[in-house]
Amino acid sequence: MVPEHLRQSASHESRLLIVGLGLIGGSLASALRVAGFQGQIVACDPDEHEIARGIEMGLIDSGGTCLAEQVEGASMIVLAVPVLAMESVMANLADALPSAAPNVVMTDVGSTKATIRACAQRVFGRVPTNLVLGHPIAGSEKSGVAAANPQLYVDHKVILTPEPDVDRNALDRVRRLWQDCGAEVLEMDVERHDQVLARTSHLPHLLAFSLVDTLARQDERLDIFRYAAGGFRDFTRIAGSDPVMWRDIFIANKHAVLASLDDFEAGLGRLRHAVEAGDSDALIATFDRASHARRYFDSLLNKTSYQAEYHMQPQGKVTYRVRPGGQAKGHLRVPGDKSMSHRSIMLGALAEGVTEVKGFLEGEDSLATLQAFREMGVAIEGPHQGRVTIHGVGLHGLKAPAGPLYVGNSGTAMRLFSGLLAGQAFDSELTGDESLTKRPMGRVADPLRLMGATIDTAEGGRPPLKIHGAAALKGIHYDMPMASAQVKSCLLLAGLYAQGETRVREPAPTRDHTERMLNGFGYAVSRDGDTCWLQGGGKLSAGPIDVPSDISSATFFLVAAAITPEADITLEHVGINPTRIGVINILTLMGANLLLENEREVGGEPVADIRIRYAPLKGIDIPVDQVPLAIDEFPALFIAAANAEGITRLRGAEELRVKESDRIQAMADGLATLGVQHAVVEDGIDITGNGNAQVASYGGGRIDSLGDHRIAMAFAIASLRAGDDIVIEDCANVATSFPDFVELAARIGMGISVEGAHE
Ligand code: S3P
């Protein structure tokens, strides 16, 4: 079957001449045939057998060995000869061109571009405007037209390196030709092309040729090869490539290849030294970086998210269908705290020494943070079942990342990173997913600018953030206009790099994990009432971190039990930091039967098992001082309110409007679908619950989570008291904070199924 995208040819060339009918030229003809190309395809090749074979295979209509004869009437000419043959072919072409069609376009497929451009300049006096230099990044160790493959270019890149004065129409025609073959067409200048290819293609070929030749020379009878296993075969496959073609490439791209070989030799030298010295840290650091970079590369090729490599939910449409009713019973341990997981990587990376983390949340957000530090040169082992080992580089040991740092869906990561990156010697850029791109970053950019940082944002203070390095930061006294732990933490992290004291005053208490963890790493953070501060210029000393279960994830099961008659759930090892327990206080005020058991302190954070059994809930006016302490828990608390007797009123919660979604509106829309009575105000909502445990509290329906993990999980829990199925769309982001939510929900007795997770 011809794939859909290959059936419609967009190229309208009347006669295509392929000069050089080998693997590349033959595959081009073959792909165009499959695409339904309407024009004639002819070829010229010094080997008449190749021409005969091409005709026999149905790839070309006709051909011959004399260029002057074949050029006649050609509308496009593709030069698919080895790089060093290019000049003589161009010279023949220059003589023969008058017999081509008037608007003839020329292009080539050579693997190096500067030498081919120079050939054109010598032959034609300048690069003709109808010559579009190009290079399909595809090939095979096989050669000759017999190996032609119509799929060779599908989903491969073709790089065009047009001159600035190129004829735009010619450029478009070449672009269409390759798109017909299923390729993705990019443009780049000649120099960059040659550098990139030297590293990504020419160097690996040189190494493969060299390794095989070295071993073959050492063992004339080739005995070693009998024992060589898959590793050798994988590494050296390309050593079977066409020697003439590769000789030409190395002669043509000498300078760029030598530069990449120098870098490689330096890296090999470092590894040699590490092996010699038995330097286990250096070996692990190199292998770990390489192994993750390789996986990242795979995920790019497979067009999946990097996190999918960790068996997360793949991006795309994920829908939950939840049957009404069900039980809420069992003992559960929910994943590690997201806020602490981010901070454990950040502080571990900036510390001196090795930090061992237990209980790390293997969710997409914290994995993106981990990856960002790898990209800044930090060796990180794991995660393996919540265990991560971070080889800290010290406050000044981060390296400039090669490109923008991608922090996914996470506002916390972007805001905390902005503070610590403002203190670095290098420039950096922070980007995120579509939802994050809409969130306000002025709240961190503005005070960081007061500290002396230079930060560019997109319009309206939105991401991406471009942070200019080498700023001399100075401490400030900052009165936060909103109660935000992210802003506070950002400024404290920048304060590590600032001269003098950085002081932050919060209008209401917010989570204090940054302060606790800094203290745990031996960096003094002081507090007096609503203000905390630190002095710049200290250092962090690595230490173990035990991340407790996330109370924000536990909340979904607390609410599940609070609304379901006969429920009895125990959540183990949950962090109950006083700045996070708004949900416990609010549910208790509503009448929930909730007990803290086995209270203890783990690594500077209070922890308990929380047991919750069903008891009827009543509506309350939520105390305003509890709002920052329960800020992430409101989507689930709104569901509790919808099941309580009477009205629950929330005020002072305008921050909910700038979370992963506008959570007041997103929840109100979902509640409306279920038929729950409510009234929205700017900074909150009134929800009228149905306190009658004998009947369903509301109906079912189809709800859009807007890609917000907490909206998705809140409505999943709501189904325990619904009268009909609740279908929740756009749930892939649950993997950002709670990758095994569905499994745990099923374990307590909910009827939840997932559609589209593996599309
Ligand atoms: C977080 C702080 C809170 C919270 C977020 C995590 C943190 O945001 O909503 O999920 O880890 O510091 P704000 O600081 O913006 O309130």
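Guide: F741 has a relative accessibility of 0%, so F741 counts as buried, a label given under 20% relative accessible area, with over 50% called exposed and the range in between partly exposed (1.4 Å probe, protein chains only). The model is predicted, so that local features need pLDDT of at least 70 and side-chain atom pairs count only at pLDDT 80 or more, while totals for chains, interfaces and linings use all residues. Residues are numbered from 1 along each chain as its sequence is written, and side-chain values use heavy atoms, with hydrogens and water left out.

Visitor: What makes the pair of F738 and F741 edge-to-face?
Guide: Rings of Phe, Tyr and Trp (its six-membered ring) pair if their centres lie within 6.5 Å, and planes under 30 degrees apart count as stacked, over 60 as edge-to-face and the rest as tilted. F738 and F741 lie 5.5 Å apart centre to centre with 70° between the planes, and therefore form an edge-to-face pair.

Visitor: Why is the pair of F634 and F638 called tilted?
Guide: The structure holds nine aromatic pairs. One of them joins F634 and F638 at 6.3 Å centre to centre, and the angle of 50° between the planes falls in neither the stacked nor the edge-to-face range, so this pair is tilted. Both residues lie in helix α22 (residues 634–642), four residues apart, about one turn of the helix. F634 counts as buried at 1% relative accessibility, and F638 counts as buried at 4%.

Visitor: How do you know that α13 is roughly parallel to α14?
Guide: Helix α13 (residues 338–350) and helix α14 (residues 364–375) pack at an angle of about 10°, with their axes 9 Å apart. Angles under 35 degrees count as roughly parallel, over 145 as roughly antiparallel, 65 to 115 as roughly perpendicular and the rest as oblique, so α13 is roughly parallel to α14. The axes are lines fitted to C-alpha atoms, for helices over the stretch in contact, and angles run from 0 to 180 degrees between N-to-C directions. On the α13 side the contact (heavy atoms within 4.5 Å) includes K338, S341 and H342, and on the α14 side it includes D365, S366 and T369.

Visitor: Why is R343 called buried?
Guide: R343, which is in helix α13, has a relative accessible area of 3%, and therefore is buried. Leaving aside neighbours within four places in sequence, R343 is in contact with G348, T412, L416, A485, S489, H513, T514 and M517. The UniProt annotation "binding site", from an unreviewed entry, covers R343 along with K338, S339, S484, Q486, D632 and K659; such annotations may be inferred rather than shown by experiment.

Visitor: What makes K659 buried?
Guide: K659 is in the loop between β27 (646–650) and α23 (663–674), and its relative accessibility is 14%, so K659 counts as buried. Apart from neighbours within four places in sequence, K659 is in contact with R439, I631 and D632.

Visitor: How many helices and strands are in the protein chain?
Guide: There are 26 helices and 32 strands, where helices (H or I, at least four residues) and strands (E, at least two) are DSSP runs, numbered from the N terminus. Of the 759 residues of the protein chain, 55% count as buried.
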